[in-house]
Amino acid sequence: MAEDNAKKVILEKIKIDDEEFTVGDLLDNFTHILDYFHDAPVTTPVLEKFNKFIDMLWRRRHFDSALNAIEEAEKKFPGDRKLVEKRGEILIDAGRFDEALELFLELMEIHPDQHYYLEYLGKIYYNLKDLEEAENAYLQ
């Protein structure tokens, strides 16, 4: 029985305008989905759904699309720090370390009490082959 459950494929879906989209549908319907978010009210449930959409793109390694969606989300929900942090994480996963470094250094300047940014900085510096800075970030 447990073996049968392990073999089941669970497709992640997102419901937009009474339509359900799987991960495979996202890129084909990208503009339609962004239009939905553009026209939707500024509410927490819309932000949560927007985040799910971004995460689905990110997990499938559609980094440019995920970053484009984040840019739109930041316009709709300006000042949402979690969106900015997510942008930085996606930049790291996309190998865009210089951009990620700039973003996390700025975040550290604005929010010096958020020590977990140092972990991101360590990872970025490590990937940029700046091992001394990576070590400093991790030690902090």
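Which helices each supply at least two residues of the lining of the largest pocket? Keep that question in mind while we walk through the chain.

This is a predicted model. The protein chain holds 8 helices and 2 strands. Read from the N terminus, the elements run α-β-β-α-α-α-α-α-α-α. The C-alpha atoms fill a box of roughly 50 × 45 × 25 Å, taken along the principal axes.

Now look at how helices pair up. Two packed helices are described by the angle between their axes and the distance between the axes.

Start with α3 and α4. Helix α3 covers residues 44-59, and helix α4 covers residues 63-76. Their axes come within 8 Å and cross at roughly 165°. Angles over 145 degrees count as roughly antiparallel, and α3 and α4 are therefore roughly antiparallel to each other. Their crossing is left-handed. On the α3 side, the contact is made by Phe50, Phe53, Ile54, Leu57 and Trp58. On the α4 side, the residues are Phe63, Ser65, Ala66, Ala69, Ile70, Glu72 and Ala73. By class, this contact of α3 with α4 divides into 10 nonpolar, 1 polar and 1 charged.

Helix α5 spans residues 81-93, and helix α6 spans residues 97-110. Their axes come within 8 Å and cross at roughly 150°. That makes α5 roughly antiparallel to α6. Here α5 passes α6 in a left-handed crossing. From α5, the contact takes in Arg81, Val84, Glu85, Arg87, Gly88, Glu89, Leu91 and Ile92. From α6 come Phe97, Glu99, Ala100, Leu103, Phe104 and Leu107. The contact of α5 with α6 has 8 nonpolar, 1 polar and 5 charged residues.

Next, turn to empty space. Rolling a probe the size of a water molecule over the atoms shows where empty space is left. The largest pocket has a volume of about 200 Å³. Its lining is made of Gly79, Arg81, Val84, Arg87, Glu99, Glu102, Leu103, Glu106, Leu107, Ile110 and His111. Sorted by class, the lining residues divide into 4 nonpolar, 2 polar and 5 charged.

That brings us back to the opening question. The helices are α5 and α6: each supplies at least two residues of the lining of the largest pocket. Of the elements, α6 gives the most, with 6 residues.

Definitions and conventions: Residues are numbered from 1 along each chain as its sequence is written. This is a predicted model: local features need pLDDT of at least 70, side-chain atom pairs count only at pLDDT 80 or more; totals for chains, interfaces and linings use all residues. Side-chain values use heavy atoms; hydrogens and water are left out. Axes are lines fitted to C-alpha atoms, for helices over the stretch in contact, and angles run from 0 to 180 degrees between N-to-C directions. Helices (H or I, at least four residues) and strands (E, at least two) are DSSP runs, numbered from the N terminus. Angles under 35 degrees count as roughly parallel, over 145 as roughly antiparallel, 65 to 115 as roughly perpendicular and the rest as oblique. A crossing is left-handed if the near helix is turned anticlockwise from the far one by less than a right angle, and right-handed if clockwise. Contact means heavy atoms within 4.5 Å. Ala, Val, Leu, Ile, Met, Phe, Trp, Tyr, Cys and Pro count as nonpolar, Asp, Glu, Lys and Arg as charged, and the others, Gly among them, as polar. On a 1 Å grid over the protein atoms alone, a cavity is a set of points where a 1.4 Å probe fits but cannot get out, and a pocket is an open set with protein on both sides within 12 Å along at least five of seven lines; lining residues have an atom within 4 Å of a point. Grid points are joined across faces, edges and corners, and a volume is the space filled by probe spheres set on the points.
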